[in-house]
Amino acid sequence: KNLGIEVYFVEDNIWTMDGDGELRLTIMATLAQEESRKVSERVRAGQHISREKGVIYGSGNILGYDRVGKTYVINKTQAETVRRIYDLYLQEEIGITRIADILIKEGRLTATGTLKWNVSNISRILNNPTYMGVIAYGKSYSNNYLDQKRINNPHKDTYIYKKLDFEPIVLASKEYHTLLEINNSSL
């Protein structure tokens, strides 16, 4: 407008230089933003229901499990790698950098089928309650309904933990049993 350039919206028959053009655009933008907010609320409500029902999100590309329908089934070969990681870390008290080296030397494959083990892979496995038959919801959230940027939630105590019907690969720690009790009493 400051440059004297007019925009015409064909479908809405709005001329930006017209007397009421800016007003109509502002009203339409406000209505669109309100609709976006309502959709966001409905999605959040649907996610809450899904969490209560124990729905598993994602593609299921998790080392040790195959996604079969709506649940996980243990992949015996991959599960041995997961157990090996937990044994090295908990029983032999080996650090995650060294665990990565050991897995490479042993020829064990990652979830993507490569030999590229690193600290991040190992740490993610050791911190994932799924291996104990527990799903953690709320590990990330959307900053707001307009930007829709995913933000990782660093506060594990705010996660919602739910024991599901798939077989665990490793035994659940006392920490997860306590969190499950707290979460199930609040559901």
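**View 1. Y8, V10 and W15 form a nonpolar surface patch.** In this predicted model, the patch made by these three residues covers about 310 Å². One of its members, W15, belongs to strand β2, which spans residues 14–15. With a relative accessibility of 38%, W15 counts as partly exposed, because that class lies between the 20% and 50% cut-offs.

**View 2. E93 has a positive phi in a loop.** Is E93 buried or exposed? Its relative accessibility is 69%, so E93 counts as exposed.

**View 3. Q148 also has a positive phi without being a glycine.** Here the phi is about 55 degrees, and the setting is the loop between β6 (140–142) and β7 (150–152). Q148 has a relative accessible area of 45%, so this residue is partly exposed.

**View 4. The largest pocket has a volume of about 1300 Å³.** Its lining counts 48 residues, and Y57, A136, G138, K139 and S140 are the closest to the centre. Which elements each supply at least two lining residues? They are the helices α1 (21–53) and α4 (119–126), together with the strands β5 (134–137), β6 and β8 (160–163). Helix α1 gives the largest share, six residues. Sorted by class, the lining holds 20 nonpolar, 21 polar and seven charged residues.

Key: Residues numbered from 1 in each chain as written. Predicted model: local features only at pLDDT ≥ 70, side-chain atom pairs only at ≥ 80, totals over all residues. Heavy atoms only, no water. Patch = residues over 30% accessible without salt bridge, like charges linked within 9 Å, V, L, I, M, F, W, Y side chains within 5 Å. Areas by Shrake-Rupley, 256 points an atom, 1.4 Å probe, with all protein chains shown as cover. Salt bridge = Lys/Arg side-chain N within 4 Å of Asp/Glu carboxyl O. Helix = DSSP H or I, 4+ residues; strand = E, 2+ residues; numbered from the N terminus. Buried < 20%, exposed > 50% of the residue type's maximum accessible area, 1.4 Å probe, protein only. 1 Å grid on protein atoms, 1.4 Å probe; cavity = no way out; pocket = protein on both sides within 12 Å on 5 of 7 lines; lining within 4 Å. Points joined across faces, edges and corners; volume = space filled by probe spheres on them. Nonpolar A, V, L, I, M, F, W, Y, C, P; charged D, E, K, R; others polar.
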